[in-house]
Amino acid sequence: MTTPTVVPGVLADPLLAVRRLTKYFPVQEGLFGRARGQVKAVDGVSLDVGHGETLGVVGESGCGKTTLGRAILRLVEPTSGDIRFDGVDVRALRGRALRTMRRSMQIIFQDPFSSLNPRMTIGATVREGLTVHRIAEGEAADRRVRQLLEEVGLRGEYASRYPHEFSGGQRQRVGIARALAVEPRFIVCDEPVSALDVSVQAQVINLLRDLQRDRGLAYLFIAHDLSVVEHMANRVAVMYLGRIVEFASSEALYREPLMPYTQALLSAVPVPDPVTKRQRIVLAGDVPSPANPPPGCVFHPRCHHPARDAACAAIVPPLEEKAPGHWVACIKQPPTAVPWDVQRQAGATHEPLRHLPVLAPQA
Amino acid sequence: MTSPADVLLRVTDLRTHFHLGGEVARAVDGVSFDIHAGETVGMVGESGCGKSVTALSLLRLVDPPGRIEPGSRIEFEGRDLLALDNEGIRRIRGNRIAMVFQEPMTALNPVFSIGDQVAEVARVHAGASRKAAWERAVEMLNLVGIPDPRERAKAYPHQLSGGMRQRVLIAMALVMNPSLLIADEPTTALDVTIQAQILELLASLQQKLGLAVLLITHDLGVVAEVTSRVLVMYGGQVVERAPVRELFANPRHPYTRGLLQAMPRLGDHRDRLAVIPGTVPPPTRWPSGCRFRDRCPYAWERCATEAPPEYPAGNGHGARCHLVDEPARDVALAAPVA
């Protein structure tokens, strides 16, 4: 039995096309590390990233967003699924062909303290990609390093300094210069600003946007901070326990989130406005262990939807287009292709009902 | 409002310096504030502003080469904390003033059950019997919203999520019914839905127990949600203080304004965020005059030569900025976005 692959927001001419991507990690137990099941860190994710766009990926710890970014770049080897970059099957590449592809696909890491080699000058760090990929050598490479540093807002003469001489924000700029050195078209930004102070965070966000505009870069922008993602992303995927549970344009997702999880996530963001008091949905409990996800809808144990019932624990909700371009995995948020009699057979007592709690005030 | 008699904690000209070979890092450099019984005060600022060192100083937990400098005063429940001997300050710590830190994993001992760790506080501080201490631990775990507390008390820290561990730490902090809780970035390591749970818990405990809370955070959103008064720190000093609504409606210090404009907010569709140019200077080299002047769009000659005192701006509002003294210079500026 094959089910058709649901691709939320499929594009006619994607730069990156990910289909049914999975990454399972074995869970080992005992002294001899026998495998006792697996953690489905990424569990059948499909998405397209367009040329020059920013696709945001949001979710909490353990939702699989970081593994997704790394699996796309094959920094961790996916368990199954397809990845096509500019039409090329990334998973089939080996050796030199894979290295060549990596010129086009880069990553910026969260932690500007551990992601730079403390024994290399920042110039050498940025230069490495240039020489590995034979983009420039000798004096030409030195000139290019200085240009790159200046492009990210650092002084060219900083090339001879070491990471410890820089602040967190400056180190993150070095990380960006390193990624840019090989002239990529696509960058996975994995929590690029979450370790930075607010005033510095804004500098780096503006830099990433400028670089995107000037170079036509596409970003997969992974973050837990919903305000930062709204600011950066054209379209947003919300992940929970390894799956995409909602996908929409940034505008639609933040204006009218339909998945109860997204509603709770948005309502939980502290708003820097002491006057406006909002209705807050405080979720009970914690995110369940990805090694032992709940049956049916993975969110149902914490769900606040008034129509939640036994069917939610039995039926895996398909990711469905509930409004044009707005994809949601919830059988209680109409319309749904899971018919009422099927839900009833699974123990449903509440018919689907549009639930739209009042969320964040609009600025 | 509150009368002076309600003042629980009064900090006057607190200076905590670190003497590093030839240099002196003036991490906290002239901080004064009051906390009244039962109120929640927010202390907000970025890395290196001195907020965590202030918190440690209140409990005299600063180790050499750090030193609380002569002339600093910390009065708590009418006692001079800096005059107490070691035994005296130990009796304050954990009993009257308790503290919760950012890292809920490293603050717990991995080889003891959470019940044992909460109970130990009651045994050490109150001399409770083993059985009474365990009962108190179960009661506290229940108070902080840990489900099935009698059973869960036997769990070890690694068996709990980050949010649950933070609840355990709050339970430990509250065992002795302190009158002041210092919470240093208590939700920073937590996911946003868990952060919401913990903030709600802190607010309800504060109500239930009449606890005063000093909440230290870098997040202005958290400040807006749970505090009634705010201290903004920069360069080892309080640069602005105000009731929370007043601060957000009418920030007087350019640093506070910069922070508010630099934050991306939900529903805010600005193309570019405003930035505060540059970075925080190291505490060994604060600039002369105003410590923010290198990064300030308003700075003029006076800012380089004369350190601003805290000017009162009415309604419990004050700011360490010459703009309050020379309001004619306080014209609307387009925030820098580069």
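Student: How many helices and strands does chain A have?
Tutor: This is a predicted model, so local features need pLDDT of at least 70 and side-chain atom pairs count only at pLDDT 80 or more, while totals for chains, interfaces and linings use all residues. Residues are numbered from 1 along each chain as its sequence is written, and chains are lettered from A and ligands numbered from 1 in the order in which they are written. Helices (H or I, at least four residues) and strands (E, at least two) are DSSP runs, numbered from the N terminus. By that rule, chain A has ten helices and twelve strands.

Student: What is the radius of gyration of chain A, and why does that count as compact?
Tutor: The radius is taken over C-alpha atoms, and the globule rule is 2.2 Å times the number of residues to the power 0.38. For 363 residues that rule gives 21 Å, and chain A comes close to it, so chain A is as compact as a globular protein of that length. Its C-alpha atoms fill a box of roughly 75 × 55 × 50 Å along the principal axes. The radius of gyration of chain A is 22 Å.

Student: What percentage of chain A counts as buried?
Tutor: A residue is buried if 20 or more other C-beta atoms lie within 10 Å of its own, exposed if 12 or fewer, and partly exposed in between, with C-beta atoms placed from the backbone. Of the 363 residues of chain A, the buried part is 49%.

Student: In what order do the eight strands of the open sheet in chain A run?
Tutor: Two strands pair if DSSP finds at least two bridges between them. The pairing in this sheet is mixed. Strand 6 (105-108) and strand 11 (320-323) of chain A have a single partner strand each, so they stand at the edges with one side lacking a neighbour in the sheet. The order is 6-7-8-3-9-10-12-11.

Student: Which residue in strand 7 of chain A is the bridge partner of Gln106(A)?
Tutor: Strand 6 of chain A and strand 7 (residues 186-190) of chain A pair in the parallel sense over four bridges. Helix 5 of chain A lies across both strands, at about 175° to strand 6 of chain A (angles run from 0 to 180 degrees between N-to-C directions, and axes are lines fitted to C-alpha atoms, for helices over the stretch in contact). The bridge partner of Gln106(A) is Ile187(A).

Student: Which residue with a positive phi follows helix 3 of chain A?
Tutor: In helix 3 (residues 122-132) of chain A, the buried residues include Ile122(A), Val126(A) and Leu130(A). Helix 4 (138-151) and helix 5 (168-181) of chain A are among what covers the buried residues. Phi is near 50° in the residue that follows the helix, Arg134(A).

Student: Which helix supplies the largest share of the side of chain A that touches chain B?
Tutor: Two residues are in contact if their C-beta atoms, placed from the backbone, lie within 7 Å. The contact takes 38 residues from chain A and 39 residues from chain B. Helix 6 (198-215), helix 7 (226-232) and helix 9 (260-268) of chain A each supply at least two residues of that side of chain A. The largest share, seven residues, comes from helix 6 of chain A.

Student: What is the radius of gyration of chain B?
Tutor: Chain B comes to twelve helices and 13 strands, and 47% of its 338 residues are buried. A compact globule with 338 residues would have a radius near 20 Å, and the value for chain B agrees with that: 21 Å.

Student: At what angle do helix 3 and helix 4 of chain B cross?
Tutor: The axes of helix 3 (residues 114-126) and helix 4 (residues 130-143) of chain B come within 8 Å. Val118(B) and Ala122(B) of helix 3 and Ala137(B) and Leu141(B) of helix 4 are among the residues that make the contact. The two axes cross at roughly 120°.

Student: Which residue in strand 9 of chain B stands opposite Leu181(B)?
Tutor: Five of the five residues of strand 8 (residues 180-184) of chain B are buried. Leu181(B) and Ala183(B) point one way, and Leu180(B), Ile182(B) and Asp184(B) the other. Strand 8 pairs with strand 9 (residues 212-217) of chain B in the parallel sense over five bridges. Opposite Leu181(B) stands Val213(B).
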